[in-house]
Structure formats: structure tokens, C-alpha cells
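Here is a short briefing on one protein structure. Please look at the sequence and the 3D view before reading the points.

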Amino acid sequence: MTPFTRAAVTVVVAVGSVFGAASADATPGTDITAVTLAQAQIPAGLLPFVAGTDLVVREITIAPGGSTGWHYHDGPVFGFVRSGTLTHPGPDCVAPVYRTGDFIYEPEGAWNVHIGRNLGPDPLILDVVYAPPTGMPLFEDADAPECA
């Protein structure tokens, strides 16, 4: 487990009680697996300006040629590329590339449709913290933007 993952797991476990995994009905990805490492809930009113949030820490692996499918998130997502290369086109189809050691932030909202692709020769491993509003799925299905 990377230092980022350990820190994220520690924060999540320390913040609240364990809850059931949020389900998601997103466009199926290809050659992708996800392992939930920790999950907790911050109830509304516990912290100032927090309306209630589920926190989920996952390790995501995308095989060479695989992808997440087009989707968006109802809450912010914070990630770290543990190994490999992530190509990450967004709603404008601009495709930044993230490499081992890079930090990724995905803001919430249907306006921010995106897809994660592994166009490299090695498996891509991401450590990700999802923070959707309580009861919302980790990600939502989305159509590819017109430019895709």
C-alpha cells in the first residue's frame, strides 16, 4: 500500500462508521477492476459546511487497452497514479496524460464527463478517494461528448 493509500485509509477510518458500498450504474468499462480498501460516512452536521458525504477509497487497475467508460461523479474525486499511464479526456476531448506519481482531481457534476484510458503497455494502477453526497453512487453513466 502506498503512503497516499495508507493516509487516505487512515483518514476515512478515523472519520466515521463503515457503511455499505455505493452502487453505480455506469457505462461498463473494459479490462478494469476495482477493490474497495475502506469506506466511511461523514453524517450531515458533523463538520461545518459538510452536508453528508460517503468516503470510499479504492484501488483501480486498468489493463493495457482498457478504459473506465464515459462517466461523471456527483462528488469530488481525488486520485494518485501508483503505476502506469492514464489518458484522461474530458468534456472538451482534450486528453491530458497522467504518469506514475501524478495527482488527479475530478470535480463533481454532469458537465464533467470523462473517460480514463490505459493506452500504455503496462497495467495502470490508481489509488482513488471518492466523496459523493451520502447515498449517491460513486459514478454515473454518461454519453460521450460530441467531440469524441
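This is a predicted model: local features need pLDDT of at least 70, side-chain atom pairs count only at pLDDT 80 or more; totals for chains, interfaces and linings use all residues.

Residues are numbered from 1 along each chain as its sequence is written, and side-chain values use heavy atoms, with hydrogens and water left out.

**Strands**

- Strands are DSSP runs (E, at least two residues), numbered from the N terminus.
- Two strands count as paired if DSSP finds at least two bridges between them.
- Strand 1 (residues 30-42) runs antiparallel to strand 2 (residues 53-67), with 11 bridges between them.
- Ala40 has Leu55 in strand 2 as its bridge partner.
- Strand 2 also pairs with strand 8 (residues 124-130), again in the antiparallel sense, over seven bridges.
- Thr61 is opposite Ile125 of strand 8.

**Salt bridges**

- A salt bridge here is a side-chain nitrogen of Lys or Arg within 4 Å of a carboxyl oxygen of Asp or Glu.
- The structure has two of them.
- In one, Arg82 pairs with Glu59, and the closest N and O atoms are 2.7 Å apart. This pair links distant parts of the chain, as Arg82 is in strand 4 (residues 77-83) and Glu59 is in strand 2, 23 residues apart.
- Asp127 also forms a salt bridge with Arg82, with closest N and O atoms 2.7 Å apart. Asp127 is in strand 8 and Arg82 in strand 4, so this pair ties together parts 45 residues apart in sequence.
- Asp127 counts as buried because its relative accessibility is 1% (buried means under 20% relative accessible area, exposed over 50%, partly exposed in between, with a 1.4 Å probe and protein chains only).
- Arg82, at 24%, counts as partly exposed.

**Ser67 and Ile115**

- Ser67 belongs to strand 2 and is buried, at 12% relative accessible area.
- Ile115 is in the loop between strand 7 and strand 8 and is buried, at 4%.
- Ser67 touches residues including Ile115 and Gly116, where contact means heavy atoms within 4.5 Å.
- Ile115 and Thr68 are 47 residues apart in sequence, but their C-alpha atoms are 5.8 Å apart in space.

**Surface**

- Tyr105 lies in strand 7 (residues 103-106) and is partly exposed, at 43% relative accessibility.

Note on methods. Helices (H or I, at least four residues) and strands (E, at least two) are DSSP runs, numbered from the N terminus. Lists of a residue's contacts leave out its neighbours within four places in sequence.
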